[in-house]
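User: I would like to go through some of the terms used for this model. Please set each value against its definition.

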Amino acid sequence: MEIKWYIGLAVALFCTGVVGVLVRRNSIIIFMCIELMLNAVNLLLVAFSKMHASSPAAIADPSIVSNAQIFVFFIMVVAAAEVSVGLAIIVMLYRNTRSVDVNFLNRLKH
Amino acid sequence: MGITQILFWGLSVLAIFAAIMVVASKSPVHSILSLIVVFFAMSGHYILLNAQFLAIVNIIVYAGAIMVLFLFVVMLMNLNAGSEPQKHRMLQFAGLISGGCLFLVIISAISETPQAAGNVMIGTGNSGLIKNLGMVLFKDYVIPFEISSILFLSAMIGAVMIGKKN
């Protein structure tokens, strides 16, 4: 399988996430679109690491192929921590305004 | 066309369709269920790439823990399609256009580079197995691993502090 199809898939998923962030006003959906973008990047990292698995440097030292998958693992760790704090903020927002509409947050400007 | 290529295209179409459903569906619960479908398709891609550990972690952490947390919050707030805030039609159209422009720019920029021409060997290699990943994680990346535990502790304290009633 050529790498360009993986790049196309990852870019399509990432841009779907970007469109979701721009189009929706529900803060939970915006948060889920950020997760979608993180996942697109994860897929691209794993695909590139498999592409370089047949390069001479990777054949000499096989552990460098695992590095990208460790990166993906850490991205998942950071995403899990981010979700716990972000959902706490959204619950707090809902408790104060009785809504999850991000437009209510424009009062933070004042 | 082999079985892996059929699986690749099937999973890709499923992932993109479910991602569009995440953005397009009116009800937040349907969005979350579509996102779970995206994560399962991603796990299928990881298995095709012989990254079994990431596939399992993706299912357990994302589809299992994070999405249940989302679903729990949505059910707690009792959100449904009727109370969904809507942006103005023109703003939605502008967001769609700018996202499509981003897609076109990235695709056209990447299609010119010589680095983006290569083959991904599907279903070969053992770098994604738990044994090899564990050796790398606990030899070369043990300091970031410990730092991430501090990150989790601070995230937990932060979530409790934010969510506390005052």
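Analyst: Axes are lines fitted to C-alpha atoms, for helices over the stretch in contact, and angles run from 0 to 180 degrees between N-to-C directions. Helices (H or I, at least four residues) and strands (E, at least two) are DSSP runs, numbered from the N terminus. With these terms, the axes of α2(A) and α2(B) come within 11 Å and cross at roughly 5 degrees. This is a predicted model, in which local features need pLDDT of at least 70, side-chain atom pairs count only at pLDDT 80 or more, and totals for chains, interfaces and linings use all residues. Residues are numbered from 1 along each chain as its sequence is written, while chains are lettered from A and ligands numbered from 1 in the order in which they are written.

User: What makes α2(A) roughly parallel to α2(B)?

Analyst: Angles under 35 degrees count as roughly parallel, over 145 as roughly antiparallel, 65 to 115 as roughly perpendicular and the rest as oblique. The crossing is at roughly 5 degrees, so α2(A) is roughly parallel to α2(B).

User: Which residues make that contact, and how do they divide by class?

Analyst: Two residues are in contact if their C-beta atoms, placed from the backbone, lie within 7 Å. Among those of α2(A) are A:I28, A:M32, A:E35 and A:V46, and among those of α2(B) are B:P28, B:L35, B:H45 and B:Y46. For the classes, Ala, Val, Leu, Ile, Met, Phe, Trp, Tyr, Cys and Pro count as nonpolar, Asp, Glu, Lys and Arg as charged, and the others, Gly among them, as polar. The contact of α2(A) with α2(B) has 13 nonpolar, three polar and one charged.

User: Why are α1(A) and α2(A) called roughly antiparallel?

Analyst: Helix α1 (residues 3-23) and helix α2 (residues 27-51) of chain A pack at about 165 degrees, with their axes 8 Å apart. That angle falls in the class over 145, and therefore α1(A) and α2(A) are roughly antiparallel to each other. Residues in this contact include A:I3, A:Y6 and A:F14 in α1(A), and A:C33, A:M37 and A:M51 in α2(A). They divide into 18 nonpolar, four polar and no charged.

User: What is the hand of the crossing of α1(A) and α2(A)?

Analyst: A crossing is left-handed if the near helix is turned anticlockwise from the far one by less than a right angle, and right-handed if clockwise. The crossing of α1(A) and α2(A) is left-handed.

User: How do you know how α1(A) lies against α4(B)?

Analyst: Their axes come within 9 Å and cross at roughly 155 degrees. This is again over 145, which makes α1(A) roughly antiparallel to α4(B). The crossing of α1(A) and α4(B) is right-handed. Among the residues in contact are A:I7, A:C15 and A:V23 of α1(A), with B:Q92, B:F103 and B:I110 of α4(B). By class, there are 14 nonpolar, five polar and no charged residues.

User: How many residues does each chain give to the contact between chain A and chain B?

Analyst: Chain B gives 68 residues and chain A gives 61. On the side of chain B, α1 (3-24), α2 (28-48), α3 (52-77), α4 (89-110), α5 (130-139) and α6 (142-163) each give two or more residues. That side has 48 nonpolar, 18 polar and two charged residues.

User: Is B:I150 buried or exposed?

Analyst: B:I150, in helix α6 of chain B, has 9 C-beta neighbours inside 10 Å and therefore counts as exposed.

User: What is stated about phi at B:N50 and A:R98?

Analyst: Most residues other than glycine have a negative phi. B:N50, in the loop between α2 and α3 of chain B, has a positive phi of about 60 degrees although it is not a glycine. With 20 other C-beta atoms within 10 Å, B:N50 is buried. A:R98, in the segment after α4 (63-97) of chain A, has a positive phi of about 55 degrees and is not a glycine either. A:R98 has 10 other C-beta atoms within 10 Å, so it is exposed.

Technical notes:
A residue is buried if 20 or more other C-beta atoms lie within 10 Å of its own, exposed if 12 or fewer, and partly exposed in between; C-beta atoms are placed from the backbone.
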